[in-house]
Amino acid sequence: MPVKNQRHFLRSYDPPQVLPLRVSDTRPASTSRLPKRCARLLIILFLSCSALVLLYSRRTGEDWPASEENPADHSLPPLYEAYHDYERHLPQHDLSLPFPEGRDAKFFWAPNHVTASGWGNVMQELLLNALLAHETNRAFVFDNYTWARDGPEYAEYNGKLIPARIPLSVIISGPLIGSAFDPGDPTPRAVHKEYFKKVCPNPTIVDSGSVVSEYLRYDNNVPATQLFDLWVDKLNSINDPCVEIQLDSPQLFEIWLFGSARILSIWPRLSKSPVLRNFSWSPLVLEAFARNAHLFGATTKSFQFLPSYLRPSSSHPTPKELHNVEPILPATKIDPIPGLLVLHIRRGDFAGHCAHLANWSSDWNGFNKFATLPDKFHPPHDGGGGQTTEANMHFYFQRCFPSIEQIADRVRQVLADQEKTYGGTKELKRIYIMTNGEKAWLDDLKEALMGVKRWDSVTSSRELRLGWEAKPVAQAMDMLVGQRADVFIGNGFSSLTSNIVMFRVLRELPPQDTRFW
């Protein structure tokens with residue numbers, strides 16, 4: 001099959017829930033940026049509804065903590081000005097610091113990173129770019145989670161305003177965005193792109209296409225390590241401390257790579273790197289988890305590694321506590337919540353995506369294909385090229401967009417497998433559903449799940465109580481819940497699921513406790 005056609009069946013993305021989860025392309029044909037006049041009109045429309053929003057909030061008794069950014073007006077999504085300011089003033093932004101920072105620092109900046117894409121895909125690319133910087137002893141230059149690189153502060157997605165640029169410290173913490181590496185590690189801390197532009201006004205510009213050919217990018221027989229090592233050799237060959245990737249050249253690591261088993265070859269290096277091992281969700285995400293702990297059955301023991309201000313009974317963290325890039329809860333310390341079964345179920349326009357996957361005989365996302373995991377997927381050979389059989393379409397939908405009956409049957413199968421593995425020593429008691437499904441559909445699903453067994457509770461993403469600043473990044477909190485599941489059933493075609501699976505494998509949780517539809 002020609003290389004250009006491979007782009008169709010390697011594609012993998014997650015549609016929206018709150019923070020957009022769809023990848024339309026690594027280079028979208030149509031931008032989601034709003035013209036300034038349209039943006040103003042939408043903002044006026046939202047403001048005109050603010051009185052109704054405030055009245056509704058009072059009637060429902062919701063009392064969210066006020067933000068330090070704009071405590072009076074929450075009719076528009078947050079812009080996170082205080083987080084932006086915090087990142088601009090990280091302590092490593094100082095030329096007087098000793099080696100390997102200050103005037104001796106070397107930098108790696110990839111402004112061609114994916115934009116207008118879902119967090120699952122952005123996070124995958126972010127990890128590998130940071131791993132590359134670490135392996136070449138360069139400071140990783142980080143940017144915002146970016147829907148639109150420039151233009152208005154709000155973008156439009158599915159008829160709703162969203163922040164066009166979200167500071168990464170809203171979502172994550174750790175070496176990816178500036179915490180220190182382990183003692184003895186010669187790698188300088190990550191820096192903000194604005195600092196890089198200040199200290200590196202004339203960097204060496206590298207066209208990514210000159211390092212990795214199109215053939216290597218799309219060839220399914222070329223492992224991720226081969227592409228990665230080409231970049232290690234390239235960066236190590238450059239004496240200039242300031243290296244920048246050409247903006248209009250392809251991403252270094254693309255969805256075609258993450259959407260196949262090729263990515264697994266990099267796992268031995270990624271799993272040992274402090275980039276992943278010291279990865280942590282942000283204080284804001286950890287606080288959202290604590291506020292909703294009752295939905296997951298999380299006990300006091302579940303918060304043993306967290307400071308007191310990030311526990312369920314605590315008051316709202318102060319700005320100083322929220323603005324922190326140190327890894328408060330590293331991925332290697334996240335323990336399962338006993339008795340919790342977490343289901344990741346995509347609905348809405350994911351149906352169209354699943355049909356697309358069937359027509360191109362697509363495989364699961366790469367990090368969903370660890371050899372140790374019990375569930376496997378083998379794309380059928382009698383489809384592809386943009387069309388498939390009715391039987392194949394049914395086969396894909398059962399694994400990608402299961403019906404309520406199929407979901408209930410799958411939960412029964414997993415419960416039976418758990419009984420065979422653990423006997424009576426382990427019991428699943430409650431369910432949490434990560435989903436964008438509508439309330440009426442969820443009510444029917446809950447009824448069907450209660451028919452499987454009498455659970456202590458069945459709750460979903462729709463029942464989360466989130467503050468103004470946490471709402472746009474709710475998927476990050478859902479990912480944390482998936483990490484902490486006693487048993488997790490995910491969608492093999494989802495990058496969000498694959499990131500959860502990656503963390504569960506890193507934590508060395510029993511393979512039989514990570515399953516798929």
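Predicted model: local features only at pLDDT ≥ 70, side-chain atom pairs only at ≥ 80, totals over all residues.

Reader: Fine, and what do Cys200 and Cys242 form?

Author: A disulfide, with sulfur atoms 2.0 Å apart. The general idea is to check the torsion about the S-S bond next. For Cys200 and Cys242 that torsion is about -60°, so the disulfide is left-handed.

Reader: How many disulfides does the structure hold?

Author: Two. The other one is formed by Cys354 and Cys400, whose sulfur atoms are 2.0 Å apart. With -75° about the S-S bond, this link is left-handed. Cys354 sits in helix H15 (residues 350-359) and Cys400 in helix H16 (residues 390-400), so the pair links distant parts of the chain, 46 residues apart. Cys354 is buried at 0% relative accessible area, and Cys400 is buried at 1%.

Reader: What is the pairing if I number the bonded cysteines in sequence order?

Author: It reads 1-2, 3-4.

Reader: Let's turn to helices. How do I read which way a helix faces?

Author: Here's the general idea: an α-helix has 3.6 residues a turn, so residues three or four places apart point the same way. Now take helix H4 (residues 81-88), where the buried residues are Tyr83, His84 and Glu87. Viewed down the axis of H4, these buried residues fall within an arc of 100°, so they line one face of the helix.

Reader: What covers the buried residues of H4?

Author: The cover includes strand S2 (139-142), strand S6 (165-166), strand S8 (191-192), helix H12 (283-291) and helix H14 (319-322).

Reader: And how do I read a pair of helices?

Author: Ask how close the axes come, what angle they make and which hand the crossing has. The axes of H5 (residues 119-135) and helix H8 (residues 224-236) come within 10 Å and cross at roughly 45°. H5 and H8 are therefore oblique to each other, and the crossing is right-handed. On the H5 side, Leu128, Leu131, Leu132 and Glu135 make the contact, and on the H8 side Phe228, Trp231, Val232 and Leu235.

Reader: What about H5 and helix H20 (residues 495-506): where do their axes come, and at roughly what angle do they cross?

Author: The axes of H5 and H20 come within 7 Å and cross at roughly 45°, which makes H5 oblique to H20. Here the crossing is left-handed. Among the residues that meet are Gly120, Met123 and Leu127 in H5, with Leu496, Met502 and Phe503 in H20.

Reader: One more residue, His134 in helix H5. Is His134 buried or exposed?

Author: Buried, at 14% relative accessibility.

Conventions: Residues numbered from 1 in each chain as written. Heavy atoms only, no water. Buried < 20%, exposed > 50% of the residue type's maximum accessible area, 1.4 Å probe, protein only. Helix = DSSP H or I, 4+ residues; strand = E, 2+ residues; numbered from the N terminus. Arc of directions from axis to C-beta. Contact = heavy atoms within 4.5 Å. Disulfide = S-S within 2.5 Å. Axes fitted to C-alpha atoms, helices over the stretch in contact; angles between N-to-C directions. Parallel < 35°, antiparallel > 145°, perpendicular 65-115°, else oblique. Left-handed = near helix turned anticlockwise from the far one by under 90°.
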